[in-house]
Structure formats: structure tokens, C-alpha cells
Amino acid sequence: TSWIGYSLNWQANMTVPGNTTMSGLPDGSHTITVYANDTSGNMGQSDIVSFTIDTTAPRIEILSPQNKTYTTSQVELNFKVDEATSWIAYSLDNQANTSITGNTTLSELSEGPHALIVCSNDTAGNIGFSEEIHFTTQTLINIPQDSFHVWILVALATVAVVGPVITIYFVDSGNANEQSPSTMH
């Protein structure tokens with residue numbers, strides 16, 4: 001060949017000595033056509049090739065769980081990703097990634113605090129990570145021993161005070177009906 005060049009995105013031809021690397025291309029769709037002249041002056045060209053540059057990792061937002069306490073051992077994992085993915089997973093409490101295909105339910109969670117991250121590969125192989133979410137599961141009611149005793153005493157005192165009052169009311173109500181036979185027909 002006497003000359004080689006290419007046209008990127010329908011722009012003017014760029015001369016190159018042969019195979020080359022194009023750097024600094026912005027993310028998005030591109031086209032390229034390669035041209036060459038042989039030593040007799042004949043011009044040849046390649047087919048138009050379309051390609052996409054994607055160097056941006058997917059952005060992942062966890063919608064649930066939220067940074068709060070749940071009173072169940074099952075919590076919904078709902079999230080959104082801003083682009084097409086080839087792989088999605090989550091890591092719970094810094095354990096190995098668990099692959100998923102979309103929103104799911106985290107089951108059989110142990111009592112206590114948890115940390116959760118969702119990660120994803122886009123179709124170009126870029127990996128993105130969500131922010132780490134911290135939440136707690138607490139399914140058992142933990143009443144301090146001293147509080148439990150207080151509640152028993154309050155319940156017993158209530159029965160001791162209210163019980164006789166109810167009995168006196170019923171006895172008085174019964175006597176009131178017996179004392180006024182003239183109201184009966």
C-alpha cells in the first residue's frame with residue numbers, strides 16, 4: 001500500500017502507518033471505515049463497522065431493605081440498575097456473592113445487624129456496586145428480666161383492685177332489681 005487511513009464517525013480520514021490503537025474514545029456508539037491505496041493508485045475500503053464504547057460501571061440503588069430494624073427473618077431485596085446487565089449478585093455480611101436474576105427475598109436471616117451490597121456487570125463487563133446498606137433483624141421480643149417482673153406485679157395489682165369492684169357492681173345491680181318489684185309488669 002502507498003497510503004492507509006480511516007474515518008471514525010464519518011469524519012475526515014486520519015492517516016495511519018498500519019494497525020493502530022484509537023484511545024480516548026468517548027462512551028457511546030461509533031462507526032469506522034478503513035481505506036487504503038495500493039501502489040498503482042487503486043483505492044479500497046472496508047465495510048462500515050459499528051461498535052460501542054462503554055467504560056461506565058452500572059449504577060445500582062437498593063430500594064429495600066432500608067437502614068432500619070425489621071421484625072422478621074425474611075426481608076425483601078429490591079433494587080434498580082440503570083443499564084442492561086449480564087450478571088447480578090449480592091453479598092450479605094461480607095460473605096461470598098450470591099448470584100440472582102433480579103429482586104428477591106433474603107430468607108432465614110439471623111437475629112442482629114446485617115450489611116448488604118449489590119453488584120452487577122453490564123453487558124460490556126464493567127462492574128458496579130451499590131452503597132452498603134445496614135439493617136437489623138429482631139424477631140424475638142427481648143424484655144429485660146426486671147421489666148418482666150414489674151409487668152406481672154402490675155397485672156396482679158390490676159386484678160386485685162378491679163376484681164372486687166366488678167363483684168360489688170354485680171351484687172349491687174342484682175339488689176337494685178330485687179328492690180323495685182313495682183317496675184316489673
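Opposite Ser64 stands Asn78, a residue of strand 8. Helices (H or I, at least four residues) and strands (E, at least two) are DSSP runs, numbered from the N terminus. This is a predicted model, in which local features need pLDDT of at least 70 and side-chain atom pairs count only at pLDDT 80 or more, while totals for chains, interfaces and linings use all residues. Residues are numbered from 1 along each chain as its sequence is written, and side-chain values use heavy atoms, with hydrogens and water left out.

Strand 6 and strand 8 (residues 75–81) are paired antiparallel over four bridges; two strands pair if DSSP finds at least two bridges between them. They belong to an open sheet of three strands, with the order 6-8-11 and antiparallel pairing. Its edges are strand 6 (60–64) and strand 11 (104–106), each of which pairs on one side only. From one strand to the next, the twist averages 35 degrees. The axes behind this angle are lines fitted to C-alpha atoms, for helices over the stretch in contact, and angles run from 0 to 180 degrees between N-to-C directions.

A separate set of pairings involves strand 14 (residues 133–137). Strand 7 (residues 69–70) runs parallel to strand 14, and two bridges join them; Thr69 has Thr136 as its bridge partner there. Strand 12 pairs with strand 14 in the antiparallel sense, over five bridges, and Gly112 stands opposite Thr137. In a regular strand the side chains alternate between the two faces of the sheet. Strand 14 has a covered face with Ile133, Phe135 and Thr137, and an uncovered one with His134 and Thr136.

His114 counts as buried because its relative accessibility is 4%; buried means under 20% relative accessible area, exposed over 50%, and partly exposed in between (1.4 Å probe, protein chains only).

Ala115 also lies in strand 12, residues 112–122. Its relative accessible area is 12%, so Ala115 is buried. Leaving aside neighbours within four places in sequence, Ala115 contacts Ser91, Leu92, Asp93, Glu132, Ile133 and His134. Between the C-alpha atoms of Ala115 and Thr136, 21 residues apart along the chain, the separation is 8.7 Å.

For the protein as a whole, there are one helix and 14 strands. Of its 185 residues, 23% are buried. Among contacts between residues at least 6 apart in sequence, 54% join residues at least 24 apart.

The average pLDDT, the predictor's confidence in each residue from 0 to 100, is 86, and 76% of the residues score at least 70. Residues 180–185 have pLDDT below 50, and beyond near neighbours in sequence this stretch has zero contacts in the model. Where pLDDT is low, the predicted coordinates should not be read in detail.

Key: Contact = heavy atoms within 4.5 Å.
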